[in-house]
Amino acid sequence: MENILVIGGAGYIGSHTARQLAAAGYRPVILDNLSKGHRQAAAGFDFELGDFTDKACLERVLQKYNFAAVMHFAACTEVDRSVKDPAVFYQNNTAGVLALLNALTAHTIKRFVFSSSAAIFGEPKTDLINENHPKSPINPYGHSKLMVEQMLSDFDTAYGLKYAALRYFNASGSDESGEIGESHSPETHLIARLIQTAAGKQKGFTIFGTDYPTSDGTCIRDFVHVNDLARAHVLALGKLLNEPASLCFNLGSGTGHSVAEVVETVKKVTGRNFDVQTAPRRAGDPARLVADNTKARKVLGWQPTYDLTRIIQTAWQWETHRKY
Ligand code: UFG
């Protein structure tokens, strides 16, 4: 059974991926500082408490297990916070990962799955964004991720590191088991916030920006279920381990939904009505981000299986029975 280090495996996407790794016959070992993650989300797996940027901690974990590959999820992800406090993002998401890659190189661990982001593209030049689309981030979060993609490419050339860079579009929804789900504090993501509003845990909802060049003036995003994303990780890992070659994939459903449309769908699915206000644009938000997922379908055999309604159903189910 191959050991896979899952950094940030107690977090939202990491915990869903760890479960699927185990189901696929791998042994996930979770390293998480629990700053955003939840201990319950890692229940049943080998768990190491600590920060991947703590050199001694990382060294201890790398020595304790023999890892076939590393998956890295532990990142700061809020776009508007990155505009206000870029230093944190460059420190954790970029400098932290450089130190991590150096440690992996020293331990001759040469397989790496990286949580990249649609934010590396900036304002799209085409309706659907494929892997070759120009990369021109419009916020520090996107820059912090793109810099790592550049480092990975250079580490491949120089040291033979083989990696999969997975550019997530908007991860959403929760596992249907009800055991794990999305739980951020504070919650900033669109669907999770709407669900909390529908549940009465948040008063009213605010749409940021109604003057975007889109059909209804609100931003358009591509919502992809967290379990679909998790499956893409397992497929990408299998590919990396079997045919070592570095790859990148845009992971989205391929369908765009406007913020206003998502608001209406949440009201419909939950059967709850709530106040919706509008406010000016949020800093750093591109008008539209929708994936062309052809490459992931062809090369990985990946297929997103949840549409917006089902994503919202799973998010609602989690919210009404949440464990953490
Ligand atoms: N939005 C609102 N009101 C809210 C919350 C969000 O109108 O209360 C809007 C945002 O302004 C944006 C859209 O909903 O237009 C989606 O916002 P999210 O915060 O849910 O997600 P982002 O698209 O900003 O970012 C997410 C991840 C990033 C990732 C990106 C890729 O947080 O890490 O998706 O598309 F890079």
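How many cavities of 30 Å³ or more does a search of the whole structure find? In this predicted model, the search turns up one. The largest cavity holds about 90 Å³ of space. Its lining is made up of 13 residues, and those closest to the centre are E182, A192, A315, W318 and E319. Rolling a probe the size of a water molecule over the atoms is what shows where empty space like this is left.

Which helices supply the lining of the largest cavity with at least two residues each? They are α6, covering 190–198, and α10, covering 308–320. Helix α6 gives the most, with four residues.

P186 is found in the loop between β7 (170–172) and α6, and the peptide bond that joins S185 to P186 is cis, with omega at about 0 degrees. Most residues other than glycine have a negative phi, and most peptide bonds are trans. Two residues go against the phi part of that rule. L34 is not a glycine, yet has a positive phi of about 60 degrees; this residue belongs to the loop between β2 (27–32) and β3 (46–49). With a relative accessibility of 27%, L34 counts as partly exposed. T108 is not a glycine either, and its phi is positive too, at about 50 degrees. The loop that holds T108 runs between α4 (86–106) and β5 (111–117). Is T108 buried or exposed? Its relative accessible area is 58%, so T108 is exposed, the cut-off for that being over 50%.

Strand β5 pairs with β6 in the parallel sense, over seven bridges. One example is S116, whose bridge partner in β6 is R167. Strand β6 spans residues 162–168, and six of its seven residues are buried, so the rest of the structure largely encloses this strand.

Aromatic rings come next. A pair of aromatic rings is described by the distance of the centres and the angle of the planes. The model has five aromatic pairs. One of them is F112 with F114: the ring centres are 6.3 Å apart and the planes meet at 15 degrees, so this pair is stacked. F112 has a relative accessibility of 0%, which means it counts as buried. F114, at 1%, counts as buried as well. Another pair, F155 with Y159, is put together in another way. Here the ring centres are 5.0 Å apart and the planes are at 75 degrees, so the pair is edge-to-face. Both residues lie in helix α5 (residues 140–159), and they are four residues apart, about one turn of the helix. Why does F155 count as buried? Because its relative accessibility is 9%, and buried means under 20%. Y159, on the other hand, is partly exposed, with a relative accessible area of 43%.

Rings also turn up alongside charged side chains. R281 lies over the face of Y212, at 4.1 Å from the ring centre. In a second case, the charged end of R310 sits over the ring of Y306, at 4.3 Å from the centre of that ring.

What is the strand order in the open sheet of three strands? The order is β12-β9-β14, and the pairing is mixed. The edge strands, each pairing on one side only, are β12 (257–258) and β14 (288–289). Strand β9, made up of residues 220–221, runs antiparallel to β12, and two bridges join them. In one of these bridges, R221 has H257 of β12 as its partner.

One last stop is helix α7 (residues 226–242), which contains V234. With a relative accessible area of 13%, V234 is buried. How many Å separate the C-alpha atoms of V234 and Q202? The separation is 35 Å, for two residues that are 32 residues apart along the chain.

Terms used:
Residues are numbered from 1 along each chain as its sequence is written. This is a predicted model: local features need pLDDT of at least 70, side-chain atom pairs count only at pLDDT 80 or more; totals for chains, interfaces and linings use all residues. Side-chain values use heavy atoms; hydrogens and water are left out. On a 1 Å grid over the protein atoms alone, a cavity is a set of points where a 1.4 Å probe fits but cannot get out, and a pocket is an open set with protein on both sides within 12 Å along at least five of seven lines; lining residues have an atom within 4 Å of a point. Grid points are joined across faces, edges and corners, and a volume is the space filled by probe spheres set on the points. Rings of Phe, Tyr and Trp (its six-membered ring) pair if their centres lie within 6.5 Å; planes under 30 degrees apart count as stacked, over 60 as edge-to-face and the rest as tilted. Buried means under 20% relative accessible area, exposed over 50%, partly exposed in between (1.4 Å probe, protein chains only). A charge sits over a ring if NZ of Lys or CZ of Arg is within 6 Å of the ring centre and within 35 degrees of the ring normal. Two strands pair if DSSP finds at least two bridges between them.
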